[in-house]
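Please walk me through this structure. Start with a helix and what covers it, then take the sheet, the aromatic rings and a few single residues.

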Amino acid sequence: MTEMMSGVEHVEEPKPAPGLDGLDEQLVEQLVGRARAGGLQLTGEGGVLQQLTKRFLESALEGEITDHLGYDKHDPAGRGTGNSRNGVRSKTVLTDIGEVEIEVPRDREGSFEPRIVAKRQKRLSGVEEMVISLSAKGLTTGEISAHLAEVYGAQVSRQTISTITDKVVEGMVEWQNRPLDPVYPVVFIDAIHVKVRDGQVSNRPIYVALAVTCEGHRDILGLWVGDGGEGAKYWLHVLTELKNRGVADALMVVCDGLTGLPDAIGTVWPRAIVQTCIVHLLRNSFRYAGRQHWAGIAKALKPVYTAPTEAAAKERFGEFTEAWGERYPAIVRLWDNAWAEFVPFLAFDPEIRRVICSTNAIESVNARIRRAVKARGHFPNEQAALKCVYLAVMSLDPTGAGRKRWTMRWKPALNAFEIAFDGRLAAGRN
């Protein structure tokens, strides 16, 4: 036992892999110290970071061509091999710290294919992500170009930026056609209006379909550009597309009086309940009233949509009509016309009512989209508008914290849906 322990004591610990500690940190400190002593900038044109990036890339390229040829530079072993180095060519690449001019080695046969900076590659990883992120926030190509020039000293043309963002179109098409879940507890359908300059500037709706999954996650099902002529035929096309992508059933579809949508829902998902969005109904009511009466109208309508039963809601609405009907008959007509799609949620538990009454589910998405759209002002065509909205959607919740909050918020409602719809959610979990 003693001999065994003695042997263990003399086992050498494995040496740590080289990293940015120990001697490496000392080298970094020396470089920074020399740069400051010599009056050199760390960043910007001609700065230390730019020079280090240049040296690093050129060293990596030299290593690649050595591997390709099979011998080091000036090595006699290369004589008579049939291929050799053939000088260099200058190339400017855009990096996260700005433009860097590098010397790319060549071989006589022209068979060398560099990997760290590939042929015809002008941007290194990270730059494209930066451009797409800025575009998702609504910056125009000109504003992105000015930002890169100001912050990184990089001259990037509008055409280059447009080319980068155009790459997302392929991903957008794939995303728009991806398979979907067989069942969703709730599908929210809403519209964002954008200005499109196609011959003349006009308002065009972009419809967003947002669903809550059986696990309580948010899932944006797709985006569609309307032309103002939407009806049952248009919505039948949209919903049939969702059904063909796998959505066999939706328990509730929440929308805002879109023409022809209830009929299309009944055709595609016969068992789905069509529910008017309560918040949209209230907002539309305020459009007919003076601002000084908004608080009074909101107070008078709250007993209607919080009533325990449909009969009680009808009674409370009668009281609202007596108090406000003479002054604002258009509000009474609005609620009368929407009554059939307003009352369904009154038959459900408070947990379901709560998530249907609140449009937080889709309003947080719409708010992000509106910021991006407002920053752009108007778009040259429909595709540009759709690309902007898609980028805004893809940039939602980058940390994943919102997804966790969302799931926890929907758990009570999903339990209520499970009971109220008697097993229809089970198909979505299989």
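What covers the buried residues of α14? The cover includes β3 (183-198), β6 (249-255), β7 (273-276), α10 (278-286), α11 (294-305) and α17 (401-420). Contact here means heavy atoms within 4.5 Å. Helix α14 spans residues 350-357, and its buried residues are I352, R353, V355, I356 and C357. Buried means under 20% relative accessible area, exposed over 50%, and partly exposed in between, with a 1.4 Å probe and protein chains only. Helices (H or I, at least four residues) and strands (E, at least two) are DSSP runs, numbered from the N terminus.

The model is predicted: local features need pLDDT of at least 70, side-chain atom pairs count only at pLDDT 80 or more, and totals for chains, interfaces and linings use all residues. Residues are numbered from 1 along each chain as its sequence is written, and side-chain values use heavy atoms, with hydrogens and water left out.

Two of the covering helices also meet each other. The axes of α10 and α11 come within 11 Å and cross at roughly 145 degrees. Axes are lines fitted to C-alpha atoms, for helices over the stretch in contact, and angles run from 0 to 180 degrees between N-to-C directions. On the α10 side, I278, L282, S285 and F286 take part; they meet W294, I297, A298, L301 and Y305 of α11. Eight residues of this contact are nonpolar, one is polar and none is charged. Nonpolar covers Ala, Val, Leu, Ile, Met, Phe, Trp, Tyr, Cys and Pro; charged covers Asp, Glu, Lys and Arg; the others, Gly among them, are polar.

Now the sheet. Five strands form an open sheet in the order β5-β4-β3-β6-β7, with mixed pairing. Two strands pair if DSSP finds at least two bridges between them. β5 and β7 are the edge strands; each has a single partner strand, so one side of each lacks a neighbour in the sheet. From one strand to the next, the twist averages 25 degrees.

Strand β4 (residues 200-212) pairs with β5 in the antiparallel sense, over seven bridges. V212 has R218 as its bridge partner in β5, and A209 has G222. Five residues lie between the strands of this hairpin, and G216 takes a positive phi near 90 degrees.

A search of the whole structure finds 14 aromatic pairs. Rings of Phe, Tyr and Trp (its six-membered ring) pair if their centres lie within 6.5 Å; planes under 30 degrees apart are stacked, over 60 edge-to-face, and the rest tilted. Y207 and Y234 form a tilted pair, 6.1 Å centre to centre with 55 degrees between the planes. This pair links distant parts of the chain: Y207 is in strand β4, Y234 is in helix α8 (residues 232-244), and they are 27 residues apart. Y234 also pairs edge-to-face with W235, at 5.2 Å and 85 degrees. Y207 and Y234 are both buried, and W235 is buried too. Elsewhere, F317, F320, W335, W339, F342 and F345 form one aromatic cluster.

Two single residues remain. P329 is found in helix α13 (residues 329-342). P329 is partly exposed, at 48% relative accessible area. D422 lies in the loop between α17 and α18 (426-429). Its phi is positive, near 45 degrees, in a residue other than glycine. D422 counts as exposed because its relative accessibility is 70%.
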